Amino acid sequence: MRRTTKLALAAPLLGAAAVLSLGGPASAASATAHADLAPVNDMNAGGQAYVDVQGNKISVMIAASGLVPDQPHAAHIHFGADANHECPSLPSDDADMDGHLSTSEGVPDYGPVVVSLTTFGPTDPGSALAVDRFGTAPGGNLTYERGSIKVSREVSRAIQTGQAVVVVHGVQYNGTTAYDAGGPSDLDPSLPAEATDPAICGVLDVTSSRGVQ
Ligand SMILES: [Cu+2]
């Protein structure tokens, strides 16, 4: 219930920010984008992501549910110039045919991490697995809000042209609420695959824009 209320409030707020930016410097391109987050692996999870771009700064809001409760969920914006700008799907993108989509198996679709959606501290790709700085989804619900995240011109442009993808990681394969299955993670063999495999994913579609780039 709370999630729905928050989403209903957030969309107009982001829209208002875009309108206000009309009075800003002509060089500061702005856009708002939205992603419908759908399950990548076999989980009953989903959510919404909103990104507001103002030049080289972005504000991000994510509301998701059905995630593994009380466990860290790495969340990123992914983009690669050579990627498909899509989310991966089973079984076609399951390269090793183990029945699960790993983060690496999705890279041809969504590209590498370009922004780490941490709750505090650095947001660069080097923080992609900073598990102590991501949301933990109390009760399976993830609510994330962070403003003034600095991004490169390339990433700003990728979002403004609908080529960036939001991915929230952390899945459940064996019915427990711990990250303890799926074999070793493809990203960090010291972690179980459940901790890093993608849970929900959505392409950021531009909902309004002004002065692209
Ligand atoms: Cu990611």
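In which sense do strands β2 and β3 pair, and over how many bridges? Strand β2 (residues 46-54) runs antiparallel to β3, and nine bridges connect them. Strands and helices here are DSSP runs numbered from the N terminus, with at least two residues (E) for a strand and at least four (H or I) for a helix; two strands count as paired if DSSP finds at least two bridges between them. The model is a predicted one, in which local features need pLDDT of at least 70 and side-chain atom pairs count only at pLDDT 80 or more, whereas totals for chains, interfaces and linings use all residues. Residues are numbered from 1 along each chain as its sequence is written, and side-chain values use heavy atoms, with hydrogens and water left out.

Beyond β3, the loop between β3 and β4 contains Asp 70. This residue has a positive phi of about 60° although it is not a glycine. Most residues other than glycine have a negative phi, and most peptide bonds are trans.

The copper ion comes next. Its protein donors are His 76 through ND1, His 78 through NE2 and His 169 through NE2, at 1.9 to 2.0 Å. Donors are N, O and S atoms within 2.8 Å of the metal (3.2 Å for Na, K and Ca); water is not among the atoms, so sites may look incomplete. The donor residues follow the spacing H-x1-H-x90-H in sequence. Both His 76 and His 78 are buried.

A disulfide, defined as a pair of cysteine sulfur atoms within 2.5 Å, is formed by Cys 87 and Cys 201, whose sulfur atoms are 1.9 Å apart. The pair links distant parts of the chain, 114 residues apart: Cys 87 is in the loop between β4 (75-78) and α2 (103-110), and Cys 201 is in strand β8 (residues 198-203). Because the torsion about their S-S bond is about -90°, the disulfide is left-handed. Cys 87 is partly exposed because its relative accessibility is 24%, whereas Cys 201, at 3%, is buried.

Helix α2 has Thr 103, Glu 105, Gly 106, Asp 109 and Tyr 110 as its buried residues. They lie on the same side of α2 because they cover an arc of only 150° around the axis, taken from the directions from the helix axis to the C-beta atoms. Among the elements covering them are β4, β7 (165-169), α4 (193-196) and β8, where contact means heavy atoms within 4.5 Å. After α2 comes Gly 111, with a positive phi near 80°.

Definitions and conventions
Buried < 20%, exposed > 50% of the residue type's maximum accessible area, 1.4 Å probe, protein only.
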